[in-house]
Amino acid sequence: MSSKAEIDVVTAEFFGAFDNRGGATADLDRIRRLVLPGGVITMTGPQFTVYTVDGFIEPRRRLLAEGRLVEFSEWETSERTEIAGDVASRFGEYRKSGVLDGEPFEGGGTKTIQFVRTPEGWRITAFAWYDQP
(Lines give C-alpha, C1' and ligand atoms only; values in the text may rest on other atoms or scores of the structure.)
Protein backbone atom coordinates (compact mmCIF):
# COMPACT_ATOMS: atom_id res chain seq x y z
CA MET A 1 0.00 0.00 0.00
CA SER A 2 1.33 3.46 -0.84
CA SER A 3 2.04 6.03 1.87
CA LYS A 4 -0.86 8.14 0.61
CA ALA A 5 -3.23 5.18 0.81
CA GLU A 6 -2.04 4.38 4.35
CA ILE A 7 -2.57 8.01 5.40
CA ASP A 8 -6.04 7.93 3.84
CA VAL A 9 -6.85 4.85 5.96
CA VAL A 10 -5.54 6.44 9.19
CA THR A 11 -7.55 9.60 8.46
CA ALA A 12 -10.76 7.65 7.78
CA GLU A 13 -10.22 5.63 10.98
CA PHE A 14 -9.75 8.86 12.91
CA PHE A 15 -13.00 10.37 11.62
CA GLY A 16 -14.80 7.06 12.18
CA ALA A 17 -13.79 6.88 15.85
CA PHE A 18 -16.57 9.35 16.74
CA ASP A 19 -19.40 7.59 14.86
CA ASN A 20 -22.30 6.49 17.05
CA ARG A 21 -25.04 6.20 14.43
CA GLY A 22 -27.61 3.45 14.73
CA GLY A 23 -26.88 2.93 18.42
CA ALA A 24 -23.21 2.04 17.81
CA THR A 25 -20.66 2.88 20.48
CA ALA A 26 -18.05 5.43 19.39
CA ASP A 27 -14.58 3.84 19.42
CA LEU A 28 -12.58 6.68 20.96
CA ASP A 29 -9.90 4.33 22.26
CA ARG A 30 -8.87 3.97 18.62
CA ILE A 31 -7.52 7.53 18.86
CA ARG A 32 -4.85 6.31 21.28
CA ARG A 33 -3.63 3.94 18.55
CA LEU A 34 -3.78 6.55 15.79
CA VAL A 35 -2.25 9.52 17.65
CA LEU A 36 1.20 9.29 19.24
CA PRO A 37 1.07 9.48 23.07
CA GLY A 38 2.60 12.97 23.13
CA GLY A 39 0.38 14.22 20.31
CA VAL A 40 -0.93 17.78 20.41
CA ILE A 41 -4.57 18.50 19.60
CA THR A 42 -5.73 22.09 19.11
CA MET A 43 -9.16 23.64 18.66
CA THR A 44 -9.01 27.21 17.39
CA GLY A 45 -12.49 28.28 18.36
CA PRO A 46 -14.89 29.24 19.69
CA GLN A 47 -12.46 29.02 22.60
CA PHE A 48 -8.81 28.32 21.73
CA THR A 49 -7.90 25.07 23.50
CA VAL A 50 -4.85 22.77 23.41
CA TYR A 51 -5.42 19.16 24.47
CA THR A 52 -3.37 16.12 25.34
CA VAL A 53 -4.64 12.89 23.80
CA ASP A 54 -6.47 11.87 27.01
CA GLY A 55 -7.69 15.42 27.59
CA PHE A 56 -9.26 15.35 24.14
CA ILE A 57 -10.81 11.88 24.40
CA GLU A 58 -12.49 11.93 27.80
CA PRO A 59 -15.00 14.80 27.36
CA ARG A 60 -15.95 13.41 23.94
CA ARG A 61 -16.41 9.95 25.40
CA ARG A 62 -18.91 11.35 27.91
CA LEU A 63 -20.72 13.39 25.26
CA LEU A 64 -21.04 10.43 22.87
CA ALA A 65 -21.73 7.72 25.47
CA GLU A 66 -24.15 9.47 27.83
CA GLY A 67 -26.81 10.17 25.20
CA ARG A 68 -26.34 13.92 24.72
CA LEU A 69 -24.87 13.45 21.23
CA VAL A 70 -26.44 10.66 19.16
CA GLU A 71 -26.52 9.69 15.49
CA PHE A 72 -23.22 11.53 15.14
CA SER A 73 -20.74 11.17 12.34
CA GLU A 74 -18.13 13.31 10.65
CA TRP A 75 -16.38 12.79 7.35
CA GLU A 76 -13.76 14.37 5.17
CA THR A 77 -15.07 16.12 2.05
CA SER A 78 -11.79 17.24 0.47
CA GLU A 79 -8.10 17.02 1.25
CA ARG A 80 -4.61 17.65 0.05
CA THR A 81 -1.74 15.63 1.43
CA GLU A 82 1.96 16.30 1.08
CA ILE A 83 4.46 13.56 1.90
CA ALA A 84 8.20 14.07 2.29
CA GLY A 85 9.99 10.90 3.33
CA ASP A 86 8.67 9.92 6.75
CA VAL A 87 6.63 13.05 7.43
CA ALA A 88 3.31 14.15 5.96
CA SER A 89 0.83 16.95 6.30
CA ARG A 90 -2.86 16.85 5.38
CA PHE A 91 -5.20 19.81 5.09
CA GLY A 92 -8.88 19.04 4.61
CA GLU A 93 -12.46 20.12 4.85
CA TYR A 94 -15.02 18.04 6.73
CA ARG A 95 -18.72 17.85 7.51
CA LYS A 96 -20.50 16.51 10.57
CA SER A 97 -24.06 15.82 11.65
CA GLY A 98 -25.90 14.43 14.62
CA VAL A 99 -28.49 15.15 17.29
CA LEU A 100 -27.21 17.18 20.26
CA ASP A 101 -29.48 17.48 23.30
CA GLY A 102 -32.44 16.44 21.14
CA GLU A 103 -31.75 18.98 18.37
CA PRO A 104 -30.51 17.87 14.92
CA PHE A 105 -27.48 19.77 13.67
CA GLU A 106 -25.04 19.86 10.79
CA GLY A 107 -21.74 21.64 10.51
CA GLY A 108 -18.30 21.57 9.04
CA GLY A 109 -14.87 23.00 9.17
CA THR A 110 -11.22 22.54 8.42
CA LYS A 111 -8.69 20.13 9.93
CA THR A 112 -4.95 19.94 9.52
CA ILE A 113 -3.26 16.70 10.49
CA GLN A 114 0.48 16.02 10.83
CA PHE A 115 1.76 12.46 10.39
CA VAL A 116 5.01 10.55 10.83
CA ARG A 117 5.91 7.07 9.66
CA THR A 118 6.64 4.86 12.69
CA PRO A 119 7.74 1.21 12.78
CA GLU A 120 3.99 0.39 13.13
CA GLY A 121 2.97 2.59 10.16
CA TRP A 122 1.76 6.15 9.76
CA ARG A 123 0.56 7.85 12.95
CA ILE A 124 -0.78 11.30 13.82
CA THR A 125 1.58 13.59 15.72
CA ALA A 126 -0.73 16.61 15.85
CA PHE A 127 -4.00 17.91 14.54
CA ALA A 128 -5.89 21.16 14.72
CA TRP A 129 -9.36 22.12 13.65
CA TYR A 130 -11.59 25.07 13.02
CA ASP A 131 -15.38 24.69 13.00
CA GLN A 132 -17.17 27.06 10.67
CA PRO A 133 -19.75 29.20 12.50
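**Close-up 1. K111 sits in strand β5 of this predicted model.** Strand β5 covers residues 103–118; strands here are DSSP runs of E with at least two residues, helices are DSSP runs of H or I with at least four residues, and both are numbered from the N terminus. Is K111 buried or exposed? K111 is buried, with a relative accessible area of 6%. Buried means under 20% relative accessible area, exposed means over 50%, and partly exposed is in between (1.4 Å probe, protein chains only). The side chain of K111 makes a polar contact of 3.1 Å with the side chain of E74. A polar contact is a pair of N or O atoms within 3.5 Å; within protein, one must be able to donate a hydrogen and the other to accept it, and residues adjacent in sequence count only if both atoms are side-chain atoms. Not counting residues up to four places away in sequence, K111 touches F14, F15, E74, R90, F91, G92, Y94, A128 and W129, where contact means heavy atoms within 4.5 Å.

A note on reading these views: residues are numbered from 1 along each chain as its sequence is written, and side-chain values use heavy atoms, with hydrogens and water left out. In this predicted model, local features need pLDDT of at least 70 and side-chain atom pairs count only at pLDDT 80 or more, while totals for chains, interfaces and linings use all residues.

**Close-up 2. T110 is also found in strand β5.** T110 counts as buried, at 16% relative accessibility. Which side chain forms a polar contact with that of T110? The partner is E93, at 3.0 Å. Leaving aside neighbours within four places in sequence, T110 is in contact with F91, G92, E93, Y94, A128, W129 and Y130.

**Close-up 3. Helix α1 runs through residues 3–16.** Its 14 residues reach 20 Å from the first C-alpha to the last, close to the 20 Å expected at 1.5 Å a residue; the expected span is 1.5 Å times one less than the number of residues. Look for S3, I7, V10, T11, F14 and F15, the buried residues of α1. They cover an arc of only 135 degrees around the axis, which puts them on the same side of α1. The arc is that of the directions from the helix axis to the C-beta atoms. An α-helix has 3.6 residues a turn, so residues three or four places apart point the same way. The buried residues of α1 pack against α2 (29–34), β3 (69–84), β4 (87–100), β5 and β6 (121–131).

**Close-up 4. Helix α3 has 13 residues.** From its first C-alpha to its last, α3 reaches 18 Å, close to the 18 Å expected at 1.5 Å a residue. Which residues of α3 are buried? They are V53, F56, I57, R60 and L64. These residues cover an arc of only 90 degrees around the axis, which puts them on the same side of α3. What covers them includes α2, β1, β2, β3 and β6. After α3 comes G67, whose phi is positive, near 90 degrees.

**Close-up 5. The largest nonpolar core has 28 residues.** A nonpolar core is a set of buried Ala, Val, Leu, Ile, Met, Phe, Trp, Tyr and Cys residues joined through side-chain atoms within 4.5 Å. F18, I31, F56 and I124 touch the most other members. The elements that give two or more residues to this core are α1, α2, β1 (35–43), α3 (53–65), β3, β4, β5 and β6. Setting aside neighbours within four places in sequence, I31 is in contact with F14, A17, F18, V53, F56 and I57.

**Close-up 6. Strand β1 pairs with β6 and with β2.** Two strands pair if DSSP finds at least two bridges between them. With β6, the pairing is parallel over 5 bridges, and V40 stands opposite A126. With β2 (residues 49–51), the pairing is antiparallel over 3 bridges, and T42 stands opposite V50. A hairpin joins β1 to β2 through 5 residues. P46 lies in the loop between these two strands, and a cis peptide bond joins G45 and P46, with omega about 15 degrees.
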